[in-house]
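Hi,

Here is the structure I promised to send over. Have a look at it first, and then read on for what turned up.

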Amino acid sequence: MYAALDWGFLVVHMALVGFNLTGWAWRRTRRLHLATIGLTVFSWFGLGLVYGWGYCPLTHWHWRVKEMRGETGLPSSYVKYYLDRVTGGDWSPAVVDVLVVVLGVGALAASIALNLRDRRRARTA
């Protein structure tokens, strides 16, 4: 059961990360993107006030499943974990955090700007 949960979290988490990075690019997905990236940023900074900066419930739950499967020494960053696994390296947590924040805030800014533009265009049409 834990193996299936581990794969399920992997698929859902990677899909969310991918959508958060790119969902602003298509007009049909922009509103949903604004909601998902907004919730993600709220989690990082809002829930982060309580649980620690950069908190993600998906990572928290996924790490609990991995611990039940016997994995130990998991980093606090989901992105660092998978960058390490995919590249075979040991990425600096600080570098990964900067990349995640820059890309996340960039995606949020793009989403806000394009959603506002779409809304203005709809009003004038």
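Helix H2, residues 30-51, has a bend of about 35 degrees at Ser43. Bear in mind that this is a predicted model. Ser43 is itself among the buried residues of H2, as are Ile37, Val41, Trp44 and Gly48. The buried residues of this helix pack against H1 (2-22), H3 (57-68) and H5 (93-124). After H2 comes Gly52, with a positive phi near 115 degrees.

Then the rings. The whole structure has 7 aromatic pairs. In one of them, the ring centres of Trp63 and Tyr78 are 6.0 Å apart with planes at 35 degrees, so this pair is tilted. It joins distant parts of the chain, since Trp63 belongs to helix H3 and Tyr78 to helix H4, 15 residues apart. Trp63 is buried at 8% relative accessibility, and Tyr78 is buried at 5%.

Tyr78 also pairs with Tyr82: centres 4.8 Å apart, planes at 55 degrees, tilted again. Those two tyrosines sit 4 residues apart in H4, about one turn of the helix. Tyr82 is buried too, at 13%, and touches Leu10, His62 and Lys66 beyond its sequence neighbours. Ring pairs tie Trp63, Tyr78, Tyr81 and Tyr82 into a cluster.

Cheers

Terms used
Residues numbered from 1 in each chain as written. Predicted model: local features only at pLDDT ≥ 70, side-chain atom pairs only at ≥ 80, totals over all residues. Heavy atoms only, no water. Contact = heavy atoms within 4.5 Å. Bend = angle between axes of the 7 residues up to and from the residue. Buried < 20%, exposed > 50% of the residue type's maximum accessible area, 1.4 Å probe, protein only. Phe/Tyr/Trp six-rings, centres within 6.5 Å; stacked < 30°, edge-to-face > 60°. Lists of a residue's contacts leave out its neighbours within four places in sequence.
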